[in-house]
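Subject: Structure handover

Hello,

Here is the structure I promised to pass on. Please open it beside this email and follow along.

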Amino acid sequence: MSERGRTIAGGLLFAPLAAVPLVVTSGRWIEFLELTLFTAVLGQGWNVLGGYGGQYSFGHALFFGTAAYIQALLQFKLGWSPWLTMWFAILGAMLVAAGVGYLSFRYGLRGSYFALITLAFAEAFHVLSRSFIGLTEGGRGVQLALNQDPAQAFATFQFNFAGPFLSTYGFYYTILVFLSIAYAAVWWMQRTRFGAQLVAVRENEDAAEALGVDAFRVKLGAILLSAAITALAGIYHVQKFLFIDPGIAYGPAKSVEALFAPIIGGLGTVLGAFFIHGIGETTKEIIGTFWQERPGLDLILFGVILVLVLGFAPRGIAGLLGEAWRRATDRACN
Amino acid sequence: MPPTGRATDVLEVTGLCKTFGGLRAVADATLSVAAGEIVSLIGPNGAGKTTLFAMVSGFLKPDAGTVQFQRRDIKGLRPHAACRLGLARTFQVARPFPNLSVHHNIAIGAHTRYRRRNQALAIAAEVAERLGMASRLDDHAGSLTVAGRKRLELARALATRPRLLLLDEVMAGLNATEIDDIVAALRGIRATGITIVLIEHVMRAVKSLSDRAYVLNHGRMIATGTPAEITRNPDVIEAYLGHGAAARLADGQIDA
Amino acid sequence: MVRRHASLTVKSMLEVTGLHAGYDSLDVLHGVDLAVDEGQVVALLGSNGAGKSTLNNTLSGIIRPRLGSIRFSGKDIVGTSPEYIVASGLIHVPEGRRIFPNMSVLENLEMGGYRRGRKCRARNMARVTEVFPRLAERFSQLGGTLSGGEQQMLAIGRGMMSEPRLLILDEPSLGLSPLLVEEMFTLIGQLNEQGLSVLLVEQNVFQSLAIADRAYVLENVSVTLQGASADLLDDAQLRRSYLGM
């Protein structure tokens with residue numbers, strides 16, 4: 001399936017996803033879906049740079065965490081409205097991306113080197129956020145005040161006490177809207193010169209340069225867009241959980257989550273996100289039943305699954321489905 | 001070799017040098033190409049021809065010398081900037097964008113001049129038509145044969161609407177009929193006003209296509225002139241052609 | 001395929017019969033027959049996309065043919081592993097050289113001969129350096145830094161390290177200067193005189209036919225012409241398609 005096909009297929013999911021409240025009332029299932037969509041937003045952000053641009057980042061937590069911190073701190077310290085801080089959060093993530101991007105791409109860092117640089121920056125910010133206590137509250141983290149007044153729900157961008165419908169579905173729709181924005185951005189990108197040039201750079205950077213593509217500018221544009229989308233995930237996280245700390249913001253978990261979905265989904269990120277969380281929940285259940293709570297066991301299993309997928313289905317689930325589709329339709333020819 | 005700076009020069013290279021470690025890849029290379037000419041750059045493998053192209057097109061920084069494109073100094077300009085100015089270059093080993101269709105491959109070239117996607121795709125289709133690739137527009141670039149890839153390289157470069165085409169061994173791996181096709185295509189391209197510089201080993205093409213040729217050996221220009229002149233040049237025969245090929249070419253046989 | 005021999009003492013080195021092969025579910029070769037006798041140079045000509053690479057990949061065991069047989073030295077090698085085929089003495093020097101760019105010339109050659117014992121390797125190395133003195137001068141140089149012609153020599157030298165009885169050369173003249181092409185063909189002739197059988201896959205018609213005993217033309221996935229080189233040179237169809245006359 002072409003990349004366009006995959007985006008369309010992903011887009012078609014939105015109608016049923018929007019209609020979820022009509023059928024699903026269980027809070028647990030809504031949580032599951034929210035988590036899935038959250039991962040999908042992270043994944044789409046990563047995908048702009050990784051899938052389309054061919055630059056694999058191991059430190060996307062950098063953009064997630066920066067956006068989350070800005071979103072939290074501007075509310076916490078200055079009392080600004082979350083709808084205002086949002087823009088600064090996105091801008092902040094993009095600024096950081098511009099810095100990392102400039103350093104990496106200006107000096108031609110690709111492949112493993114680029115992956116390591118992004119990892120290093122994420123870790124650096126992790127340490128910095130722990131140390132600059134005056135700025136970030138350090139290890140204690142930033143705790144936002146809970147709003148319990150339903151009338152203030154939208155103003156404070158908090159839906160936990162916003163009445164029967166919104167308290168269940170408010171954040172679900174938030175993340176769904178964010179995912180739609182992410183998909184719309186990718187859809188737009190595919191139809192523009194920028195998108196075509198980005199893919200060309202991924203396929204063969206020298207050939208692209210010889211054809212008039214400014215690889216540096218294009219990659220920079222990609223990392224900026226990637227960071228902006230990832231920032232949405234950070235904003236959602238802060239509003240939903242009202243808490244952020246160095247570990248959550250810049251720890252490796254978010255970086256891994258960001259790249260898992262596209263790779264396992266085969267750059268069909270929503271599919272991948274579903275798969276990850278489906279498998280994740282199931283393995284937790286299985287482990288819980290047979291081995292009781294052993295921290296880390298599910299991560300090991302995750303690692304095994306990732307290795308298996310990369311080994312046997314390098315194009316991920318979407319790739320497997322695409323293969324099956326191709327085989328089914330090819331039979332007509334021979 | 002004294003530079004021949006003429007008002008009609010599209011490309012003027014003077015005293016270009018490049019050294020890698022201890023190896024003098026290109027030493028004091030000078031050449032000039034007038035508008036509408038087809039010039040061949042020939043020489044043994046490892047003579048520095050591709051290095052010369054890389055310097056002219058911006059992929060390598062020359063250690064010394066100047067490169068003037070349309071009377072404008074372009075030394076040190078990044079490849080994409082040189083391309084925007086009208087200097088397009090192909091690679092010795094074809095570099096298609098493997099996961100894209102032929103159509104999308106060529107469209108990347110068209111995007112140099114055209115921002116809008118549908119415009120670029122239309123131009124790409126037109127270029128493909130001109131080069132006889134219209135039937136393969138939707139093919140995966142990765143599935144093309146050697147000849148197909150070479151043609152795709154040419155098509156992509158052509159789509160950038162160049163003034164000067166630098167073609168690196170565009171005939172390698174093609175049989176006689178395919179070579180004739182490309183030669184005809186290049187003649188057609190020149191007729192539209194594009195200047196062409198070819199790195200080639202296929203003497204058949206060099207003879208029938210080029211107005212002039214330069215011969216590079218161990219990084220130095222050892223001869224220049226019309227194809228007939230250089231195939232009779234004893235230094236060239238010694239270093240590059242070999243007596244068998246030289247004799248066959250002198251006899252008028254088309255294959256070397 | 002029935003072949004008539006003038007003399008029964010001529011051994012068949014390679015015999016391909018009714019070969020159908022391809023990738024996924026698509027056949028590229030439809031019923032190819034060809035043969036190389038011991039001590040012969042046989043040329044395989046044909047346009048790009050006609051199936052030469054597929055044929056070579058099938059002969060070296062990388063692809064399994066769908067139908068047909070391949071006999072090397074009288075033994076059926078269809079379905080055997082590429083390692084077995086190499087060990088039997090059927091060596092394929094692929095198109096585009098494909099030497100190891102980050103290894104030295106010496107290491108590249110050693111890679112070619114690693115299956116043989118140390119004594120054999122030393123002897124083969126001596127043979128190769130005798131035929132390719134230029135390689136001996138550059139033993140410690142990295143493969144990727146050699147020029148095209150030197151890389152081609154290295155590729156052939158590496159093939160020779162495996163003690164081939166039949167060498168399949170895939171477009172050895174690709175991208176080489178006319179002088180080097182001439183040297184290459186002379187070299188192939190020399191190797192043949194030393195007893196090596198050669199299947200030469202080429203675009204360069206004149207020079208291939210000049211050193212080959214027999215030739216096949218692969219066109220649109222099956223063999224359309226075959227015969228002694230002299231006869232082919234006269235063939236009007238061949239002249240039109242490949243010599244452009």
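Below is what was found, taken topic by topic.

First, a caution: this is a predicted model.

Chain B as a whole

Chain B has nine helices and ten strands. Its C-alpha atoms fill a box of roughly 50 × 40 × 35 Å along the principal axes. The radius of gyration is 18 Å, and a compact globule of 256 residues would come out near 18 Å, so the two agree. Of the 256 residues in chain B, 55% are buried. Now take the contacts in chain B with a separation of 6 or more. Residues 24 or more positions apart account for 64% of them.

The sheet in chain B

Find the open sheet of six strands in chain B. Its order is β6-β7-β8-β3-β9-β10, and the pairing is mixed. Which strands stand at the edges? They are β6 (87–89) and β10 (220–225) of chain B. Each has a single partner strand, so one side of each has no neighbour in the sheet. On average, neighbouring strands of this sheet are turned by 15° against each other, direction ignored.

Strands of a sheet pair through backbone hydrogen bonds, either parallel or antiparallel. Look at β9 (residues 212–217) and β10 of chain B. These two run antiparallel and are joined by five bridges. For one position to check, go to B:V215: its bridge partner in β10(B) is B:A223.

A helix packs on this sheet: α9 (residues 234–250) of chain B. Helix α9(B) touches β3 (38–42), β9 and β10 of chain B. Its direction makes about 120° with that of β10(B).

Where the chains meet

How many residues of chain A are in contact with chain B? There are 18, and they meet 21 residues of chain B. On the chain A side, the elements giving two or more residues are α11 (193–203) and α12 (205–210). The largest share, six residues, comes from α11(A). By class, the chain A side has eight nonpolar, four polar and six charged residues.

Two helices in chain A

Helix α11(A) also packs against α13 (residues 215–241) of chain A. Their axes are 9 Å apart, at an angle of about 110°. The two helices are therefore roughly perpendicular to each other. From α11(A), the contact uses A:F194, A:Q197, A:L198 and A:V201. From α13(A), it uses A:A215, A:V218, A:K219, A:G221 and A:A222. Six residues of this contact are nonpolar, two are polar and one is charged.

Best wishes

Key: Residues are numbered from 1 along each chain as its sequence is written. Chains are lettered from A and ligands numbered from 1 in the order in which they are written. This is a predicted model: local features need pLDDT of at least 70, side-chain atom pairs count only at pLDDT 80 or more; totals for chains, interfaces and linings use all residues. Helices (H or I, at least four residues) and strands (E, at least two) are DSSP runs, numbered from the N terminus. The radius of gyration is taken over C-alpha atoms; the globule rule is 2.2 Å times the number of residues to the power 0.38. A residue is buried if 20 or more other C-beta atoms lie within 10 Å of its own, exposed if 12 or fewer, and partly exposed in between; C-beta atoms are placed from the backbone. Two residues are in contact if their C-beta atoms, placed from the backbone, lie within 7 Å. Ala, Val, Leu, Ile, Met, Phe, Trp, Tyr, Cys and Pro count as nonpolar, Asp, Glu, Lys and Arg as charged, and the others, Gly among them, as polar. Axes are lines fitted to C-alpha atoms, for helices over the stretch in contact, and angles run from 0 to 180 degrees between N-to-C directions. Angles under 35 degrees count as roughly parallel, over 145 as roughly antiparallel, 65 to 115 as roughly perpendicular and the rest as oblique. Two strands pair if DSSP finds at least two bridges between them.
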